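Please keep the sequence and the structure in view while reading.

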Amino acid sequence: MRSPYRAVAVVGAVLASFPLAARLYWLCGGSAGLRDGERTADVQVLEGMHVAFLAAAAAGTLLLAFRGGRALPVPAPLAANWICSAATACWGGWMLLALLLPADDPADRPTTLLTLTYAGQMTVGLLLASVGAHFLARRSAAVRTLP
């Protein structure tokens, strides 16, 4: 019963590497995949936030799935999973929706890398959130069966 739950956690964490690498590249000053004029200090702060959310969501999910570091109380990885995966999924989905709107000017069209990053971010966030939901459902079922 645990292996599909753990497999989704591992797949989500592995898939997180693509948007995490792209965001880390942009955080460090890279501009490939960004449109001209998108390299501002505000964008760099946002990229740092995305990197932190992706890393915390993946780490929290893996800690929940494999219960490594049993000294760490459950609320810490659960909060990291729940909050950070939700932020990752929602922000990626919102930006993907905005990017898919038609643009009249070719300069306003998103790059393929940007579109794939947002799509990957949304997918990863949803996968990691599903692991948190599964963990809560299993825990709730275990509590209900106690005498």
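Predicted model: local features only at pLDDT ≥ 70, side-chain atom pairs only at ≥ 80, totals over all residues.

## Helix 3 and helix 5

The crossing of helix 3 and helix 5 is left-handed. Helix 5 covers residues 112-145, and its axis lies 10 Å from that of helix 3, at an angle of about 35°. Two packed helices are described by these two quantities, the angle between their axes and the distance between the axes.

On the side of helix 3, the contact is made by His50, Leu54, Ala57, Ala58, Thr61 and Leu64. Helix 5 contributes Gln121, Val124, Leu128, Val131, Gly132 and Phe135. Sorted by class, the contact of helix 3 with helix 5 has eight nonpolar and four polar residues, and no charged residues.

## Helix 2 and helix 3

Helix 2 (residues 17-27) also packs with helix 3 (residues 41-66); the angle is about 150° and the axes are 9 Å apart. Because angles over 145 degrees count as roughly antiparallel, helix 2 is roughly antiparallel to helix 3. The crossing of helix 2 and helix 3 is left-handed.

Helix 2 takes part in this contact through Pro19, Leu20, Arg23, Leu24, Trp26 and Leu27. The residues of helix 3 in the contact are Gln44, Glu47, Gly48, His50, Val51, Leu54 and Ala55. By class, the contact of helix 2 with helix 3 has eight nonpolar, three polar and two charged residues.

## Glutamate 47

Leaving aside residues up to four places away in sequence, glutamate 47 touches Arg23, Trp26 and Leu27.

## Cysteines

How many disulfides does the model contain? The count comes to zero, where a disulfide requires a pair of cysteine sulfur atoms within 2.5 Å. For cysteine 28, the closest cysteine sulfur is that of cysteine 84, at 19 Å, which is too far for a bond. Cysteine 90 is likewise in no disulfide, and the nearest cysteine sulfur, in cysteine 84, is 12 Å away.

Cysteine 28 has a relative accessible area of 62% and is exposed. Cysteine 90, at 54% relative accessibility, also counts as exposed, since the limit for an exposed residue is over 50%.

Note on methods. Residues numbered from 1 in each chain as written. Heavy atoms only, no water. Axes fitted to C-alpha atoms, helices over the stretch in contact; angles between N-to-C directions. Helix = DSSP H or I, 4+ residues; strand = E, 2+ residues; numbered from the N terminus. Parallel < 35°, antiparallel > 145°, perpendicular 65-115°, else oblique. Left-handed = near helix turned anticlockwise from the far one by under 90°. Contact = heavy atoms within 4.5 Å. Nonpolar A, V, L, I, M, F, W, Y, C, P; charged D, E, K, R; others polar. Buried < 20%, exposed > 50% of the residue type's maximum accessible area, 1.4 Å probe, protein only.
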